[in-house]
Amino acid sequence: MFARRRRWNRSSGAQALYCDAHRRQPQLQTDADFFSLLEMHVLEHRLCQFTLQTQQRCGFRKVAKKVEPKKGVAEEAEQTEILHKKGEAPAPDPPTPRIPARSFGRLVKPLVFTIGFTGCSFGGAAIWQYESLKSRVQSYFDDVKADWLEKKRPQKQAGLGKQVNQWWNSLSDGQKTVTGIIAANALVFCCWRVPSLQRTMVKYFTSNPSSKALCWPMLLSTFSHYSLFHMAANMYVLWSFSSSIVNMMGKEQFMALYLSAGVISTFVSYVSKTAMGRFGPSLGASGAIMTVLAAVCTKMPEAKLAIIFLPMYTFTAGNALKAIVALDTTGLILGWRFFDHAAHLGGALFGIWYIIYGHELIWKNREPLVKMWHDFRTRGPGAGGNGSM
């Protein structure tokens, strides 16, 4: 019986239970007693397993995963806790970049500067014209004497100076006038290439309504170009229309119109940028050149024009002006930002207005100022008692 029990225990894996039962219950001598006790132990074991599984399913819950804060937030919280323990205040947050507000009050000063500079430009042009005429009358006989002496003197051999003099004399009055403007633009272009001047160039030679400097950049940015192609294109257009505009107005009135157009077109750009909230620097002579182009096209609408790269296609000046105005108006409405369309449009409208109304309102009414200047010159120290010219 003992061997049979060992075989049963080996087959069922209950050898430990059998030995324990005989060790605790020595009075059990029969197989029936043994199997009754074994059955009770098996039932108790199954009951314990069922109770344990039920408790695991119903009573126990999985531990929730701890949400770890992000690395930057954890570090910031840890630093704040350390500073709090030390009794120190945390460092303040860095200031956010200031977004310029749409304040039209900042445009009052540029408006006053625009009106004042335009008046001074045309007033100075009227005085300049008076001095030029007076100088011509007084130097008439000196020129005659100089021509007579030039004929008596022996002719010098050809040199570089003579060639430059011949080239200068071959230019028209308009081309001679704009030569100074082109030279000023070339000088400013070279200044952009000097690293130590970058801060000054950005401050005074670019126009931006959100900048601290508002007035003088309205004028100086008219002579400022950062791109060589930009400067070359503007100066070529100015050179092409210089003879027509100077013959039509004279060099004094042209210079007043050109400088005033640069300031007025920049002010229109200020208003547009402030209204749309799109602040940014602008530079270039495009606004002033658009005034010159619009003035010539308005005065001579039937003149034939052509594009330098397509000389075989010609069109009238009136149609060219309409196309330019339509293009800049579309760019302004759609918010194109490749060009300063507001400055272009402002310059073109000023040129049209000046030919139709401005010449009569401004230039034709310069006589009182010229008379005041004449009286001041004739009564000044060193002047003669009579008021000749």
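**Side-chain contacts in a predicted model**

The side chains of Arg 377 and Glu 131 come together in a salt bridge, 2.3 Å from N to O. Arg 377 belongs to helix α16, residues 367-379, and Glu 131 to helix α5, so this contact ties together parts that are 246 residues apart in sequence. Both ends are partly exposed: Arg 377 has a relative accessible area of 30%, and Glu 131 has 24%. Please keep in mind that this is a predicted model.

How many salt bridges does a search of the whole structure find? It finds three. Another one joins Asp 375 and Lys 371, at 3.5 Å from N to O. Asp 375 and Lys 371 are both in helix α16, four residues apart, which is about one turn of the helix. Asp 375 is partly exposed, with a relative accessible area of 23%, whereas Lys 371 counts as exposed at 54% relative accessibility, because the cut-off for exposed is over 50%. The remaining pair is Glu 360 with Lys 364, and here the N to O distance is 3.3 Å. Glu 360 counts as partly exposed at 47% relative accessibility, and Lys 364 is partly exposed too, with a relative accessible area of 42%.

Now the aromatic side chains. A search of the whole structure gives nine aromatic pairs. One of them is Phe 113 with Phe 117, a stacked pair with 5.8 Å centre to centre and 20 degrees between the planes. Phe 113 and Phe 117 both lie in helix α5, residues 108-138, four residues apart, so about one turn of the helix separates them. Are these two residues, Phe 113 and Phe 117, buried or exposed? Phe 113 is buried, and Phe 117 is buried as well.

Helix α5 also takes part in a pair that reaches across the sequence. Phe 122 and Tyr 354 have ring centres 5.5 Å apart and planes at 25 degrees, so this pair is stacked. Phe 122 is in helix α5 and Tyr 354 is in helix α15, residues 341-361, so the contact ties together parts that are 232 residues apart in sequence. Phe 122 and Tyr 354 are both buried. Ring pairs also extend this into a cluster made of Phe 122, Phe 350, Trp 353 and Tyr 354.

One more contact involves a ring. The charged end of Arg 193 sits over the ring of Tyr 226, 4.7 Å from its centre.

Next, the surface. Which residues form the nonpolar patch there? They are Tyr 236, Ile 307, Ile 308, Phe 309, Leu 310, Met 312 and Tyr 313, and together they have about 810 Å² of accessible area. Strand β2, residues 310-316, gives the most to this patch, with three residues. Ile 308 is in the loop between β1 (304-307) and β2. Ile 308 is partly exposed, with a relative accessible area of 49%.

Last, the annotation. The unreviewed UniProt entry lists "transmembrane region" for residues 111-130, 223-242, 254-272, 305-326 and 338-357. I looked at two of these in the model. Over residues 254-272 the chain is 100% helix and 0% strand, with the end C-alpha atoms 27 Å apart. Over residues 338-357 the chain is 85% helix and 0% strand, and the end C-alpha atoms are 32 Å apart.

Methods. Residues numbered from 1 in each chain as written. Predicted model: local features only at pLDDT ≥ 70, side-chain atom pairs only at ≥ 80, totals over all residues. Heavy atoms only, no water. Patch = residues over 30% accessible without salt bridge, like charges linked within 9 Å, V, L, I, M, F, W, Y side chains within 5 Å. Areas by Shrake-Rupley, 256 points an atom, 1.4 Å probe, with all protein chains shown as cover. Salt bridge = Lys/Arg side-chain N within 4 Å of Asp/Glu carboxyl O. Helix = DSSP H or I, 4+ residues; strand = E, 2+ residues; numbered from the N terminus. Buried < 20%, exposed > 50% of the residue type's maximum accessible area, 1.4 Å probe, protein only. UniProt positions renumbered as here; feature names shortened; annotations may be inferred. Phe/Tyr/Trp six-rings, centres within 6.5 Å; stacked < 30°, edge-to-face > 60°. Lys NZ or Arg CZ within 6 Å of the ring centre and 35° of its normal.
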